[in-house]
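Subject: Handover of a protein model

Dear colleague,

Please find below the sequence and structure that I am passing on to you. A summary of the findings follows.

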Amino acid sequence: MTAQIMEELVSLCKRRGFLFQSNDIYGGIKGIYDYGPMGVEFKNNLKQAWWKSMVYERDDTEGLDASILSSPVVLKHSGHEDTFTDPLVDCRACKSRWRADQLLVNNKCPNCKSEDLTEPRPFNLMFKTAIGPVDDGSSFAYLRPETCQQIFTNFKNILDSTSRTVPFGIAQIGKAFRNEITPRNFIFRVREFEQMELEFFVKPGTDDQWHEYWINKRIEWWVNQGIKKENLKKIEVEKNELAHYSKRTVDINYAFPHGEEELEGVANRTDFDLGSHTKNQNDFKITSDVMKNSSSTTKLGVQDLEEKKWYIPYVIEPSAGVDRGVLALLNEAYREENVDKDNKRILLSLKPHLSPIKAAVIPLKKNNEELVNLSKEIKSNLQKLGLGRVVLENSGNIGKNYRRHDEIGTPICLTVDFETLEDKSVTVRDRDTMKQERVSIENLSEYYKKYFN
Ligand code: GAP
């Protein structure tokens, strides 16, 4: 049943322009996807909702958009060069490669069932690229495996250029890259993806409370985006499975079509990262086992004005995957309904603020100049309200347009018919209830604004 839902979602995403396999015409690249016309709108709306709640609606955060190419020195001090690995196993018989923890029971190759497997060995997941015109291996960078390291390296820049004091946070949304051994489950585990990360800096000793605060806040946010609370679970990450920087991590798991897995992680990274990127570590009391030989010349600390001494803040990190969010929300919104005994419809019952298209304006007859011009005017006026994309559907086939807009999650369709020319009203059809009502053009802007608020 659940595998079938995944198939339906994959098919809908391709059919309606949400997601395409990247480099499709050349056979595709495994674990890399492109967002199509509907996908880019949906993904942007999700990122915008996150930014709004993490930056605009708070008084204790700032934003950042840092580089993807990362210095090896940063990723040495962050611990990624040494520890960002997955256990890799080769099948000697069919030459396939697997992540050791994904091998099926009995330690057999999932491809050819051979038991002739190598011992697991660490495989670093970071992508490397040459910097500059000479590729002699001496000058290289990594594509960042998580977005947050540049938040830590910019910590002082942000403190110096704003008036922030602890507690405060730095938010960033952007691409991250991991050379996953076995990408799988559509956009769940991919090699190029986006993260929405907040690094929230707090005074040591207050970190446990802030951690709880962020776990609950993030669950609440996902519920506000349309995920049913019963489909989300808090999972305490076992001590022996914690990342090298973490004192405690709680994963927010979601019931994906392929099974329950991590949607977002909320970690207490202590002073590990700021401490690792700080030079004169003797000046600070650092509790975690950090790199002792940082070549950074900066002290990434703050002053405690009451106690008149410097300290390195702890950091609480809610880190969410945009692509996993897209998959979870598509799964939540997908419905198949019987319209009558002969017809069924597919719809995406997305929250209106996330819908790729907010409204479709449809002239009843495509070649009627009066209807089309009036539709264009209505579309343009609604578009100017700045609530998202509004489209004109000029194919003249109302039924087909309703079906398409149900499938991409458009909350309302406005039909401009011959009566409109007389009574200056349009028919508004609601996606979820399919109910229709007449709304006067004069009141349309107010109606529309109210609908999306
Ligand atoms: N900065 C912390 C960090 O990167 P993570 O648990 O490795 O922690 C955070 O990643 C989130 O990024 C995950 O909860 C997941 O949503 C997303 N993510 C991680 N690897 C991914 C992948 N290969 N494909 C898609 N999303 C991924």
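Two or more lining residues come from each of α4 (80-83), β5 (85-90), β11 (192-202), β12 (232-236), β13 (248-256), β14 (259-270), β17 (314-321) and α9 (322-333). Of these, β14 makes the greatest contribution to the lining, with seven residues. By class, the lining of the largest pocket comprises 21 charged, 16 nonpolar and 12 polar residues.

The second largest pocket holds about 720 Å³ of space. Its lining consists of 30 residues, and those closest to the centre are N45, Q48, A49, K52 and H353. Both α2 (37-56) and α7 (207-224) supply at least two residues of this lining. The most comes from α2, which gives 11 residues. The lining of the second largest pocket divides into 11 polar, 10 charged and nine nonpolar residues.

Is R189 buried or exposed? R189 counts as buried because its relative accessible area is 12%, under the 20% limit for that class. Leaving aside residues up to four places away in sequence, R189 touches R99, Q102, E180, T182, P183, R184, E261 and R324.

Strand β23 covers residues 425-430, and six of its six residues are buried. In a regular strand, side chains alternate between the two faces of the sheet. In β23, S425, T427 and R429 point one way, while V426, V428 and D430 point the other way; all are buried.

Which strands pair with β23? Strand β22 (residues 412-416) runs antiparallel to β23 and is joined to it by four bridges; here I412 stands opposite D430. Strand β24 (residues 436-440) also pairs with β23 in the antiparallel sense, over five bridges, and V426 stands opposite V439 in β24. β23 and β24 form a hairpin with five residues between them. Within the turn of that hairpin, M434 has a positive phi of about 65°.

Most residues other than glycine have a negative phi, and most peptide bonds are trans. Against that background, the following cases may be noted:

- V166 and P167 are joined by a cis peptide bond, with omega at about 5°. P167 is placed in the loop between α6 (155-161) and β10 (168-177).
- K113, although not a glycine, has a positive phi of about 70°. K113 is found in the loop between β6 (97-99) and β7 (121-124).
- K308, also a residue other than glycine, has a positive phi near 55°. The loop between β15 (302-304) and β16 (309-311) contains K308. K308 is classed as exposed because its relative accessible area is 69%, over the 50% limit.

As to confidence, the mean pLDDT of the protein chain is 92, and 95% of the residues reach 70 or more. Over residues 283-294, however, the pLDDT is below 50, and this stretch has 34 contacts in the model beyond near neighbours in sequence. Where pLDDT is low, the predicted coordinates should not be read in detail.

Finally, some overall figures for the chain. The secondary structure comes to 13 helices and 24 strands. There are 453 residues in the protein chain, and 50% of them are buried. Among contacts with a separation of 6 or more, 63% are between residues 24 or more positions apart. Taken along the principal axes, the C-alpha atoms fill a box of roughly 80 × 65 × 50 Å.

With kind regards

How values were computed. Residues numbered from 1 in each chain as written. Heavy atoms only, no water. Buried < 20%, exposed > 50% of the residue type's maximum accessible area, 1.4 Å probe, protein only. pLDDT = per-residue confidence, 0-100. Contact = heavy atoms within 4.5 Å. Pairing = 2+ DSSP bridges. Nonpolar A, V, L, I, M, F, W, Y, C, P; charged D, E, K, R; others polar. 1 Å grid on protein atoms, 1.4 Å probe; cavity = no way out; pocket = protein on both sides within 12 Å on 5 of 7 lines; lining within 4 Å. Points joined across faces, edges and corners; volume = space filled by probe spheres on them.
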